[in-house]
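Colleague: Hi, I'm new to this one. Could you walk me through it?

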Amino acid sequence: MGDVFSNLGLGFGVVFQFVQWTPAFLGGTSIPIPVNILLCLIGALVGTLVGVLPGIGTIATVAMLLPITFGLPPVGALIMLAGIYYGAQYGGSTTSILVNIPGEAGSVVTALDGFQMAKQGRAGPALAIAAIGSFFAGCVATVLIAVLGAPLTKLALAFGPAEYFSLMVLGLIFAVVLAKGSVLKAIAMIVLGLLLSMVGSDIETGASRMAFNIPELADGLGFATLAMGLFGFAEIIRNLDAGGESDRQLVQNKVSGLMPTAKDLKDSAPAIGRGTVLGSILGILPGGGAVIASFAAYTLEKKISKTPQKFGRGAIQGVAAPESANNAAAQTSFIPLLTLGIPPNAVMALMVGAMTIHGIVPGPQVMQKQPDLVWGMIASMWVGNLMLLIINLPLVGIWVRLLRVPYRLMFPSIVIFCSIGIYSVNNAPTDVIIAGIFGLIGYWLIKHDFEPAPLLLGMVLGPLMEENLRRALLISRGDWSVFVTRPVSAVLMAIAAALLVLTVLPALRKKRDEVFVESEN
Amino acid sequence: MNATPGQAPVKSIMPKWVRNEQDFVGGIAMMAIAAFALWASSDLQGMRGFSFGAGTAPRMFATLLLILGAGITAVGIFTEGQHLAKYHWRGPFFVTLAILSFSQTIRSMGMIFAAMTSFLIAACGSAETKWVETIIVGACLTAFCALLFPYALGLPLQLLPTFMIR
């Protein structure tokens with residue numbers, strides 16, 4: 001337990017670090033500036049700002065804002081990115097409550113009761129409860145990360161290449177199981193991501209692979225480039241298709257009376273608690289952590305409620321539970337990333353991309369070699385949550401006004417912003433073109449019901465998987481059975497196989513049933 | 001969206017035995033990508049004894065994708081599903097054009113020109129664009145980016161055209 005406190009202490013030390021700033025115009029007087037807190041604040045603000053814009057999900061927000069963190073030192077950049085992530089999540093729930101357009105899948109269920117509350121003129125309490133629930137969940141999740149961090153890292157350090165490979169297979173299978181839509185298509189997307197990650201030079205032999213002598217491809221496809229193409233550009237193009245303006249029913253009532261009543265608080269307190277527990281557990285699992293968590297929390301609340309008929313008509317529990325679960329899951333999903341170096345979802349994959357750009361290879365080694373980085377980030381999560389609570393409630397008025405920005409002005413702005421961002425990574429015009437191509441590919445994928453998120457996961461895990469597979473087979477002298485003879489690896493593989501079978505079976509049955517129905521007609 | 005007798009023949013370019021056009025085309029595309037990757041990595045070294053060559057992993061993943069693509073195609077043949085999605089050309093076309101224009105002008109003409117032109121090109125992608133407000137917003141955004149990226153973030157971006165700097 002002492003470890004946890006000293007680690008958290010170290011983390012808060014990093015977050016509350018002051019840097020002496022000596023501007024020339026003050027003639028040598030230096031002012032202490034809490035840089036990391038400021039970065040966290042800016043990240044949370046900007047994240048909310050972009051996350052509030054309708055039609056831009058969390059992944060797109062984080063992808064779009066990646067370049068603005070490149071110029072910072074690694075600790076500051078990661079703290080800011082984490083802030084952007086929570087901000088974007090919070091922005092997503094704001095839009096679902098106020099306009100019934102969930103910015104991302106995780107806040108779909110929030111829209112059910114949140115928007116009804118807003119229609120009844122109770123948008124203020126809904127937003128406040130969402131923020132309070134998120135903050136509580138954030139506090140619990142931060143402690144959980146701190147407690148689980150060290151032991152999981154020890155476990156991870158005992159892993160050999162075979163165990164690592166099996167763990168990654170399990171992670172990817174989880175992502176498939178929890179993804180919506182066709183299992184085959186989700187696996188295909190992961191494999192496509194793995195394949196794309198092979199472009200560039202081979203780590204061991206240095207041979208150029210599938211680069212076609214294009215100098216920009218020699219180092220591989222840029223992760224930020226791909227992410228911004230697949231999520232930034234593709235989303236714009238898709239939204240243009242849908243006619244971005246058509247179905248926006250903004251709540252016209254003025255948002256007044258922010259504070260929830262005592263009854264609201266009493267009603268939602270147990271829901272927040274249950275949501276937090278559920279979210280914390282589900283967040284650690286790879287796959288669509290936050291999304292599943294909010295759905296599960298809403299369903300649970302509805303099941304155990306004495307008045308289930310109120311759900312969907314503005315029940316405050318229907319906002320409190322999914323929002324808490326959502327936020328708890330968003331934070332605990334950092335656990336596999338920080339301890340094992342394996343991103344459990346697409347946003348975490350983006351974090352890996354950002355870390356790689358700063359020269360950090362995520363994994364158990366980071367926890368040992370750069371404890372200030374990891375613990376600073378963990379402490380900043382708590383600070384970030386606190387800031388969201390403090391700044392966002394007074395700023396609701398501004399967010400509402402932002403929602404009125406018409407899409408016809410928003411989308412060219414995003415195109416420009418993304419283009420400049422991509423260009424600024426390497427000062428390479430070719431990167432912008434590559435992102436454009438991936439924008440079109442992403443549009444095509446969405447049109448054909450392929451989800452681009454697993455692709456990103458495959459892209460990040462590709463090099464890691466290849467490396468560990470190679471090493472495992474080298475150690476076992478080419479014996480493939482190493483994955484099932486080493487006990488830990490065997491267990492992981494068995495879970496993966498069982499999960500896959502479980503997912504495929506009902507789907508098969510359903511499809512078969514459809515065929516049977518067809519043939520009878 | 002089900003292929004009811006009344007709807008099925010409507011401008012479907014697919015043969016009749018394809019019942020889920022979306023998956024059928026999607027699967028074929030995946031197979032095509034896999035085949036391309038197999039061809040592109042064919043010149044790389046394979047296994048040497050029990051150690052991987054540079055080409056082993058790419059070919060492994062490509063083969064896997066080929067199998068999965070075949071599976072998706074099979075799903076497209078044997079299950080009922082949706083018709084091919086409709087594409088709109090206007091949005092994708094102008095957004096792509098804007099991106100291309102940006103990448104071609106950023107080096108020689110500087111950020112201000114590149115951003116402003118591609119903003120205007122992208123704006124053509126929507127039928128709802130009103131030109132006066134678009135130009136005003138475009139100018140404001142360009143000014144904002146011109147301050148944000150080189151000054152606030154310290155990224156080395158050239159703002160003005162090369163001929164004006166010289």
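Modeller: Happy to! For "domain: DUF1468", an unreviewed UniProt entry lists residues 25-157 of chain B. UniProt positions are given in the numbering used here, feature names are shortened, and annotations may be inferred rather than shown by experiment. Residues are numbered from 1 along each chain as its sequence is written, and chains are lettered from A and ligands numbered from 1 in the order in which they are written. This is a predicted model, where local features need pLDDT of at least 70, side-chain atom pairs count only at pLDDT 80 or more, and totals for chains, interfaces and linings use all residues.

Colleague: How much of residues 25-157 of chain B is helix, and how far apart are the end C-alpha atoms?

Modeller: That span is 71% helix and 0% strand, with its end C-alpha atoms 42 Å apart. Helices (H or I, at least four residues) and strands (E, at least two) are DSSP runs, numbered from the N terminus.

Colleague: And which residues does the record mark as "transmembrane region" in chain B?

Modeller: The unreviewed UniProt entry gives that annotation to residues 24-41, 61-81, 93-123 and 135-160 of chain B. In the model, residues 24-41 of chain B are 94% helix and 0% strand, and the end C-alpha atoms are 26 Å apart. Residues 135-160 of chain B are 69% helix and 0% strand, with 19 Å between the end C-alpha atoms.

Colleague: What does the domain assignment give for chain B?

Modeller: Domain 1 (1-86) and domain 2 (90-165). Such bounds come from an automatic or database domain assignment. The centres of these two domains of chain B, taken over C-alpha atoms, are separated by 38 Å.

Colleague: Now chain A. How many helices and strands are there?

Modeller: Chain A has 21 helices and four strands. Of its 521 residues, 59% are buried. A residue is buried if 20 or more other C-beta atoms lie within 10 Å of its own, exposed if 12 or fewer, and partly exposed in between, with C-beta atoms placed from the backbone.

Colleague: Which residues have the most contacts inside the largest nonpolar core?

Modeller: Val62(A) and Leu65(B), in a core of 216 residues. A nonpolar core is a set of buried Ala, Val, Leu, Ile, Met, Phe, Trp, Tyr and Cys residues joined through C-beta atoms within 7 Å. Helix α6 (residues 123-157) of chain A brings the largest share of this core, 16 residues. Leaving out residues up to four places away in sequence, Leu65(B) touches several residues, including Ala188(A), Leu195(A), Met30(B) and Ile33(B).

Colleague: Why call α5(A) largely enclosed?

Modeller: Because 10 of its 12 residues are buried. Among them are Val109(A), Asp113(A), Phe115(A) and Met117(A). After α5(A) comes Gly121(A), whose phi is positive, near 80°.

Colleague: Which residue other than glycine has a positive phi of about 50°?

Modeller: That would be Asn427(A). Asn427(A) is in the loop between α17 (407-426) and α18 (429-447) of chain A. It counts as partly exposed because it has 13 C-beta neighbours inside 10 Å. Asp449(A) also has a positive phi, near 60°, and sits in the loop between α18 and α19 (452-475) of chain A.

Methods
Two residues are in contact if their C-beta atoms, placed from the backbone, lie within 7 Å.
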